[in-house]
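Dear colleague,

I am passing on the structure we spoke about, and below it I have set out what was found. Please read the notes with the coordinates open beside them.

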Amino acid sequence: METFFAKQARKINLTLLQRTLVLGSLLGDGYLMPTTSGYCFRVNHGLQQQEYVDWKFNLLSDFVRTPPQKSGRCYYFRTITHSDFVQFRSFFYVDNRKIVPVEFLYKEFTELSLAVWIMDDGAADGKQLRINTQSFTFSENEALISFLRAKFGIEARLNQDKGRPRLRITAASMERLKKLVKPHIIPNMLYKFSL
């Protein structure tokens with residue numbers, strides 16, 4: 001049965017800030033779960049990233065009825081079902097496989113989205129930064145390289161991880177990347193940049 005909270009929340013749309021957070025997370029660890037009446041957005045990270053999950057929860061709390069919970073070694077929450085998530089699902093999934101919707105990214109992906117993507121999937125690697133994009137195809141990774149160059153002036157290369165492609169931000173682009181995303185990175189995630 002639909003709760004009063006869910007009924008009220010479905011009357012409003014996600015704000016631009018909320019949309020850009022979801023967008024960055026969908027390139028990373030976030031996913032859209034099927035429900036009986038559409039899709040909800042689920043955030044799930046390890047226990048060591050509780051502060052990060054709480055930060056996402058605070059930004060999305062208009063659409064979350066229950067605060068984050070622990071389950072084994074995970075800390076997670078999910079939103080209510082909402083038409084905005086149905087729209088995101090149509091862009092980000094084909095036959096239940098997450099894809100890279102490049103045209104949609106050009107329209108809506110921001111510096112905050114980039115920061116969230118890195119907080120989800122980034123890892124410091126010497127003077128460079130890896131983004132774990134192994135779930136995407138080789139051509140999708142190449143499309144992400146072109147996108148990062150065109151939208152943000154950031155150079156990335158492909159490297160292999162157990163035969164799967166993943167992105168590596170070049171050392172030459174790290175200062176530019178830090179300048180773009182540092183205002184949006186929460187303090188306990190700065191280690192992603194070796195800062």
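A residue is called buried here when its relative accessible area is under 20%. By that cut-off strand 2 is mostly covered, since 7 of its 9 residues are buried. Please keep in mind throughout that this is a predicted model.

Going through the pairs, strand 1 and strand 2 form a hairpin with 2 residues between them; they are joined in the antiparallel sense over 5 bridges, and M33 stands opposite C40 of strand 2. Strand 2 is in turn connected to strand 4 by 5 bridges, again antiparallel, with G46 having C74 in strand 4 as its bridge partner. Strand 3 and strand 4 (residues 74–78) pair over 3 bridges, also antiparallel, and here Q69 has Y76 of strand 4 as its bridge partner.

Helix 8 (residues 174–181) deserves a separate look. Which of its residues are buried? They are M174, L177, K178, L180 and V181, and because they cover an arc of only 165 degrees around the axis, they lie on the same side of helix 8. An α-helix has 3.6 residues a turn, so residues three or four places apart point the same way. The face turned away from the buried side carries the exposed residues E175 and K179, while the cover over the buried residues includes helix 6 (111–121), strand 8 (128–131), helix 7 (138–152) and strand 10 (164–169).

Finally, there is S25, which is found in helix 2 (residues 16–27) and is buried, with a relative accessible area of 0%. Leaving aside residues up to four places away in sequence, S25 touches G30, F41, K56, K98, V116 and D120. With D120 there is also a polar contact of 3.0 Å, which joins the two side chains.

With best regards

Conventions
Residues are numbered from 1 along each chain as its sequence is written. This is a predicted model: local features need pLDDT of at least 70, side-chain atom pairs count only at pLDDT 80 or more; totals for chains, interfaces and linings use all residues. Side-chain values use heavy atoms; hydrogens and water are left out. Buried means under 20% relative accessible area, exposed over 50%, partly exposed in between (1.4 Å probe, protein chains only). Helices (H or I, at least four residues) and strands (E, at least two) are DSSP runs, numbered from the N terminus. The arc is that of the directions from the helix axis to the C-beta atoms. Contact means heavy atoms within 4.5 Å. A polar contact is a pair of N or O atoms within 3.5 Å; within protein, one must be able to donate a hydrogen and the other to accept it, and residues adjacent in sequence count only if both atoms are side-chain atoms. Two strands pair if DSSP finds at least two bridges between them.
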